[in-house]
Amino acid sequence: MSDATDATGAVERAFAAALYAEGDEGVDTGAALLTADPAHVGEALRRGEEFVRSAWQRGWQPADVIRIVRRELADHHATIAAELIRQENRRYKNQGLPPRWQEQLDELPKTAPRGDRFLYASALLELYRLLLRLPALEPVAPAPGTPVHARVAHAEPRMLVRIRALLAKAEATGYPEEAEALTAKAQELMARQGVDEALLAHRTHAPDTPAARRIGVDAPYEAAKAILLDAVATANRCRAVWNEAFGFSTVVGFDTDLDSVELLHTSLLVQATAAMTKAEAAQRAGGRRRTKTFRQAFLLAYAHRIAARLDEAADHGTAAARDEAGAAAADLLPVLAARDVAVTDRTDEMFPETTSTRVRSAQDAAGWHEGTAAADRAGM
C-alpha cells in the first residue's frame, strides 16, 4: 500500500469517526488517527479545501465563515479556517473573484503556529464538523470560479475619502459637539453622493441594480445593534434583514448607499460604545452600580432615538438635494422612488419569508435616559 493510499484511508477513518457519528467522542479518535503520521494531517488539510469550497457553493463568504467559526468555536479554529480559505483561494488565481471578496481575504486572521499536533488535529476536525453542517444562505454574490463580467477598478471616490476622514475624527474626539458637527457633515456628503449617483445612472442609462452585503451584528446586545443597523439602512434607502442565528444582517441597496450604511453604522457603534462607557463611569461615581440591564437599555434607547433622528435627516437631505439639483430636480423624486421599488423587490426576492422579532423591553430607566441623551449628542 502506498503512503498516499495509507494517508487517504486514515483520513477517511478519522472523518467517519469525528464528522459523521453522533456526539463528540469521535473527535479524539479521529485526532489520534490523524496524528499517527504527519502525512495524515497534510491529507486532511487538503481535504479541508473541499469543505470550504462547499460553503461557497451554499452562499457563504470568507467573512461569514470566520464569523460563525468564532461564534460557535474559538479563535484558534478561526485561524485554521483562515489557513484553509487561503489555500482554497489559490484555485482562482487567474480568475475574477466576486465583488469585495479580496477585501475579505485581506482581513482574514493571521496564520499562527500549529502547536500541539493532537490539539491541532482535534480543532481541525471540530472545524470540519461545523463546515459540514452549514446551511445554504441567500447568495449575495456569485461563488468564486463562476464566470463574471470583468470589473473595472476605480480609485476610491474623493467624497468617500472625505466621509471616512470625517467619521474617523468624530470617533476620536472627546467633545460631543465636535463629533456631532463632523458626523453631520459626513451624513450630508453621503446624501449628496447617493443622489448624484442615482441621477448619473438615470441620465446615462447605466445598468445599475441593487446589490446585497452582509454586515456582522456581534454579541453582546445583538438586538439593539441590529435595530441601529436597520435605522441606518432605512435612512440610506436600503433594507436590512437580520439573521440572529448567524450573527449578521443582510443589507440590500445600491452600492453607493451600501458604502454609506457600512461607514455610518460602524461609526455610530463606536460613538455609542464610548458614550455608554462614559455613562457607566458617571453612574459608578454616583454610587449606583449598573449591570447588563443598564447597557441593554442604553443601546436600545440609543438605537431608538437615532432611528428617529435619521428619519428627520433623510427628509431634510432629500429636500436639500432637490434644491441643489436645479433643472434636474424634476427627475430626482421619480428616480429615487424607482430605486426604492427596486430595492424592495430585490429584498422580497431574497427573503420571501421574513418574520418580525419582539425585542425585550428596556428594564433600566437610567440606561434608557442616558442612551437617549447620547443619541441626541451623536452627530447626524
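**Close-up views of a predicted model**

A search of the whole structure turns up one cavity of 30 Å³ or more. This is a predicted model, where local features need pLDDT of at least 70, side-chain atom pairs count only at pLDDT 80 or more, and totals for chains, interfaces and linings use all residues. Residues are numbered from 1 along each chain as its sequence is written, and side-chain values use heavy atoms, with hydrogens and water left out.

**View 1. The largest cavity and its lining.** Its volume comes to about 40 Å³. A cavity here is a set of points, on a 1 Å grid over the protein atoms alone, where a 1.4 Å probe fits but cannot get out, and lining residues have an atom within 4 Å of a point. Grid points are joined across faces, edges and corners, and the volume is the space filled by probe spheres set on the points. Look for A224, K225, L228, L269, L299, Y302 and A303 around the largest cavity. Helices α10 (222-235) and α12 (292-325) are the elements that give two or more residues to this lining. By type, the lining splits into six nonpolar residues, no polar ones and one charged. Nonpolar covers Ala, Val, Leu, Ile, Met, Phe, Trp, Tyr, Cys and Pro; charged covers Asp, Glu, Lys and Arg; the others, Gly among them, are polar.

**View 2. Strand β3 and its two partners, β1 and β2.** The protein has 14 helices and three strands; helices (H or I, at least four residues) and strands (E, at least two) are DSSP runs, numbered from the N terminus. Six of the six residues of β3 (residues 248-253) are buried, where buried means under 20% relative accessible area, exposed over 50%, and partly exposed in between (1.4 Å probe, protein chains only). F248, T250 and V252 point one way from β3, with S249, V251 and G253 pointing the other way. Strand β1 (residues 211-216) pairs with β3 in the antiparallel sense over six bridges, pairing being called when DSSP finds at least two bridges between two strands. In β3, T250 has R214 standing opposite. Strand β2 (residues 239-243) also runs antiparallel to β3, joined by five bridges, and here R239 stands opposite V252. β2 and β3 make a hairpin with four residues between them, and G247 in the turn has a positive phi of about 75°.

**View 3. Helix α11 from end to end.** This helix (residues 255-285) has 31 residues and reaches 45 Å from its first C-alpha to its last, close to the 45 Å expected at 1.5 Å a residue. The expected span is 1.5 Å times one less than the number of residues. Just after α11, G287 takes a positive phi of about 85°.

**View 4. T79 in helix α5.** The helix covers residues 75-89. T79 counts as buried because its relative accessible area is 17%. Leaving aside residues up to four places away in sequence, T79 touches P109, K110, T111 and A112, a contact being heavy atoms within 4.5 Å.

**View 5. R203 in helix α9 and T344 in helix α13.** R203, in α9 (residues 176-204), counts as exposed because its relative accessibility is 51%. Its C-alpha is separated by 9.4 Å from that of D331, 128 residues apart along the chain. T344, in α13 (residues 329-350), is partly exposed at 29% relative accessibility. T344 and P210 are 134 residues apart in sequence and 9.4 Å apart in space, C-alpha to C-alpha.

Notes: 1 Å grid on protein atoms, 1.4 Å probe; cavity = no way out; pocket = protein on both sides within 12 Å on 5 of 7 lines; lining within 4 Å.
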